Amino acid sequence: MSAQPAAAANEPIDFSGAPLSAPPIITIGLMHVGAVAALFFPSTVGVVSFLVLYVISALGIVVGYHRMLSHRSFRPKKWVEYVLATCGALALQGGPGTWVAVHRLHHAHSDSDADPHNSQAGFSFCHFRWVLNALPETFYERRYTVLARDIDRDPYLRFLSDYELVPTIVMSLLLLAIGGLSALLWGLCLRVVFVYHVTWLVNSAAHMVGNKPFPDATGRNNLLVALLTMGEGWHNNHHAYPRSARCGLQPRQPDFGWWVISGLEKLGLVDKVHDARKYLDNGLRPTT
Ligand SMILES: [Zn+2]
Ligand SMILES: [Zn+2]
């Protein structure tokens with residue numbers, strides 16, 4: 001068996017025409033059924049569980065999986081990295097290894113067949129249909145050898161990638177103990193469905209609707225998506241400067257994710273924060 005040539009390892013992977021996969025269909029389907037059921041079991045503890053866990057898991061995706069792990073836009077203390085990654089796993093969007101590898105491919109081959117959620121394939125495909133498809137075998141061959149080697153090298157992040165459901169199982173048992181079925185339906189199912197759809201809006205609406213101040217980059221700046229996703233909707237900015245921890249680069253571009261990262265920096269919990277705004281203020285092109 002010969003080793004894979006270096007050039008072949010970097011060849012684009014074709015994600016078009018992938019077959020449907022049972023596990024995501026079952027998981028996402030069950031969460032949606034539970035979300036509808038939640039409306040028939042309202043309670044104060046249910047609503048509080050929804051709100052608290054919404055903020056925790058959305059921040060886990062926005063600040064943890066995306067800006068920290070996928071782009072290394074700041075350097076956290078190790079325990080902060082693990083807490084943020086664990087919060088990301090609570091969003092039921094897969095472990096950090098697969099999420100990061102998919103996202104790095106999205107940036108490398110944006111809006112093409114080699115982009116796992118290619119927006120050129122239509123709104124429904126890039127919003128949710130791609131999640132229901134099996135990822136190609138070639139993707140898994142390259143996941144830890146090429147695309148997300150840094151995740152593979154860290155024992156805890158690799159554990160979280162292999163056992164992504166552990167945080168959700170623990171949290172679900174806590175919800176049942178604290179508030180019974182209502183807390184589980186609101187704090188797990190309805191909350192996960194909300195985080196699914198706002199995350200997916202970044203892949204769909206923020207690639208199709210909005211302005212492009214950086215015409216050479218893909219993605220669109222979309223205020224509504226930015227408000228729903230803690231700043232991820234400034235997506236044309238992000239594709240122009242993916243290494244920047246700040247996505248809202250203009251004064252009237254609220255970016256809650258950036259405010260959290262800035263707060264963590266002031267507390268001394270993260271450093272080496274990349275901020276494209278500093279370069280733009282000096283008329284320089286930020287490093288990407
Ligand atoms: Zn994008
Ligand atoms: Zn990104």
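Helix packing and burial in a predicted model

With 17 C-beta neighbours inside 10 Å, methionine 208 counts as partly exposed; a residue is buried if 20 or more other C-beta atoms lie within 10 Å of its own, exposed if 12 or fewer, and partly exposed in between, with C-beta atoms placed from the backbone. The model is predicted, and local features need pLDDT of at least 70, side-chain atom pairs count only at pLDDT 80 or more, and totals for chains, interfaces and linings use all residues. Residues are numbered from 1 along each chain as its sequence is written, and chains are lettered from A and ligands numbered from 1 in the order in which they are written.

Methionine 208 lies in helix H11; helices (H or I, at least four residues) and strands (E, at least two) are DSSP runs, numbered from the N terminus. Leaving aside neighbours within four places in sequence, methionine 208 is in contact with Ser119, Phe123 and Arg220, where contact between two residues requires that their C-beta atoms, placed from the backbone, lie within 7 Å. Aspartate 255 is 47 residues from methionine 208 in sequence, and the C-alpha to C-alpha distance between the two is 20 Å.

The largest nonpolar core has 60 residues. Such a core is a set of buried Ala, Val, Leu, Ile, Met, Phe, Trp, Tyr and Cys residues joined through C-beta atoms within 7 Å. The residues with the most contacts inside this core are Val100, Leu185, Val192, Val195 and Ile261. At least two core residues are supplied by each of H3, H4, H5, H9, helix H10 (166–203), helix H11 (205–208), helix H12 (223–228) and H14. The largest share, 15 residues, comes from H10. Not counting residues up to four places away in sequence, leucine 185 touches Gly34, Ala37, Ala38, Phe41, Gly46 and Leu190.

Helix H5 (residues 96–108) was compared with two other helices. The axes of H5 and helix H9 (residues 155–162) come within 7 Å and cross at roughly 95°. Axes are lines fitted to C-alpha atoms, for helices over the stretch in contact, and angles run from 0 to 180 degrees between N-to-C directions. H5 is therefore roughly perpendicular to H9; angles under 35 degrees count as roughly parallel, over 145 as roughly antiparallel, 65 to 115 as roughly perpendicular and the rest as oblique. Pro96, Gly97 and Thr98 of H5 make this contact with Leu157, Arg158, Leu160 and Ser161 of H9. The contact of H5 with H9 comprises 3 nonpolar, 3 polar and 1 charged residues. In this classification Ala, Val, Leu, Ile, Met, Phe, Trp, Tyr, Cys and Pro count as nonpolar, Asp, Glu, Lys and Arg as charged, and the others, Gly among them, as polar.

The axes of H5 and H7 come within 10 Å and cross at roughly 85°, which makes H5 roughly perpendicular to H7. On the H5 side, the contact is made by Gly97, Thr98, Ala101, Arg104 and Leu105, and on the H7 side by Arg143, Tyr144 and Leu147. These residues divide into 4 nonpolar, 2 polar and 2 charged. H4 and H9 pack at an angle of about 5°, with their axes 11 Å apart, and H4 is thus roughly parallel to H9. Here Tyr82, Ala85, Thr86 and Ala89 in H4 meet Tyr156, Leu157 and Leu160 in H9. This contact has 6 nonpolar, 1 polar and no charged residues.

In helix H14 (residues 256–266), Gly257, Trp258, Val260, Ile261 and Leu264 are buried. These residues cover an arc of only 160° around the axis, which puts them on the same side of H14; the arc is that of the directions from the helix axis to the C-beta atoms. Gly263 and Lys266 are exposed on the other side of H14. The cover over the buried residues of H14 includes helix H3 (44–70), helix H4 (78–89) and strand E2 (270–271). In helix H7 (residues 137–147), Arg142, Arg143 and Leu147 are buried. The buried residues of H7 fall within an arc of 135° when seen down the axis, so they line one face of the helix. Glu137 and Thr145 are exposed on the other side of H7.

Positive phi values occur at several positions. Leucine 92, a residue other than glycine, has a positive phi near 55° and is found in the loop between H4 and H5. Leucine 92 counts as buried, with 21 C-beta neighbours inside 10 Å.
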